[in-house]
Amino acid sequence: MNVLSAPLQTIGSPGLWGITLAILLALLAVDFVITRRPHDVHMKEAIGWTIFYLALPVAFGLIIWPIYGATPSIEFFTGYVVEKSLSVDNLFVFMLLLAAFAVPKELAQRVLLYGILGALVLRAIFIAMGAAVLSTGTWAFLLFGGILLLTAIKVMRDALKGQDHEVDIDGMRSVKILRRLMPVTTTFHGSKLTIVEHGKRTLTPMALVVVAVFMTDIVFAVDSVPAVYGVTEDPYIVFATNAFALLGLRALYFVLQNALSKLRHLNHGLAIILAFIGVKLVLHWAHTVWSWVPDVPTPLSLGVIILTLVTVTLTSLAANRRDEAAERSGGSGPSKESAHV
């Protein structure tokens, strides 16, 4: 049995890492400048930024193709599609948190930006940990595969039960701890996390929602990092896919705000994708032990992932039209199938 694996192969030279991090920090700085003055985001603005952040990864993938070859480029595009799909579910939880904390519309994008920043930091930590685990031996593929399969089972079980995401502010441990440590104001004070009230440093509801968003980032990082490691073993490509998928979430939130609840079958699709990648990782581990076990190629993975997303989108739209037709015809109304993502 192959216990120890070879050093991880990566296209990430120090220069490439430096350029990537510089561009990432510049884009984050621009986002912070944009959200410095709270304002309600109009659809035209959101669509413009969404197109920009969708064009960036396309350009990146096309640039690395002639420089580093087709394989890293295809791995990047595949990983990006996986991460973007999972990030949509992340967006829905953000939407629930914003509603539960009654965040004013003009402050929503600042909260989302804090969430994206926290997610980037956590993904970087988990990616480094994943690379360290993978360098110790091929058993790591079995571990990651098991994590994804268990996650897929949970996601599919909740989807079949029609179980929506739930947000109970008073039941969140992070909120309870913060309220014990410091007093909390009842009203928002712009984007400020703390203010001085009656001579005491006091938290604002903004601080509570930011911490709550950060805690959800931890949960999503546990799923997303093993998922993209199922596509590529290159830590640089893993980080790049996560960074590009997360950067556009702030604008994408406002574009999909009304459409998210209509993608009722998205969780079914995510469960299938996670299960597929989990099986792919297990097969990859088995292939290192028994050479006759097939190893799933990346182009096939990309095809399966895209086909799954297109299918669940079409079935969601068809179910929505069926419910609308039933309402117009005076039927029993919407089906009992949950319209959650």
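Biologist: Is Val310 buried, partly exposed or exposed?
Modeller: Val310 counts as partly exposed because its relative accessibility is 42%, where buried means under 20% relative accessible area, exposed means over 50% and partly exposed lies in between, with a 1.4 Å probe and protein chains only. This is a predicted model, in which local features need pLDDT of at least 70 and side-chain atom pairs count only at pLDDT 80 or more, while totals for chains, interfaces and linings use all residues. Residues are numbered from 1 along each chain as its sequence is written, and side-chain values use heavy atoms, with hydrogens and water left out.

Biologist: Where does Val310 sit?
Modeller: Val310 is in helix α11, residues 298-328; helices here are DSSP runs of H or I with at least four residues, strands are E runs of at least two, and both are numbered from the N terminus.

Biologist: And which residues make the nonpolar surface patch of about 330 Å²?
Modeller: That patch is made by Ile306, Val310, Leu314 and Leu317. The areas come from the Shrake-Rupley method with a 1.4 Å probe, and for residues only the protein chains shown count as cover.
Modeller: As background, an α-helix has 3.6 residues a turn, so residues three or four places apart point the same way.

Biologist: Switching topic, what does Asp295 touch?
Modeller: Leaving aside residues up to four places away in sequence, Asp295 touches His284 and His287, a contact being heavy atoms within 4.5 Å. Asp295 lies in the loop between α10 and α11 and, at 33% relative accessibility, counts as partly exposed.

Biologist: What about His268, buried or exposed?
Modeller: His268 counts as buried, because its relative accessibility is 17%. It lies in helix α10, residues 266-289, and touches Met156, Ala159 and Leu160, again not counting residues up to four places away in sequence.

Biologist: Last one: where is the kink in α7 centred?
Modeller: The kink, about 30 degrees, is centred on Phe220; the bend at a residue is the angle between axes fitted to the seven residues ending there and the seven starting there. Of the 25 residues of α7, 19 are buried, so this helix is largely enclosed by the rest of the structure.

Methods
Patches are made of residues with over 30% relative accessible area and no salt bridge: like charges are joined within 9 Å, nonpolar side chains (Val, Leu, Ile, Met, Phe, Trp, Tyr) within 5 Å. A salt bridge is a side-chain nitrogen of Lys or Arg within 4 Å of a carboxyl oxygen of Asp or Glu.
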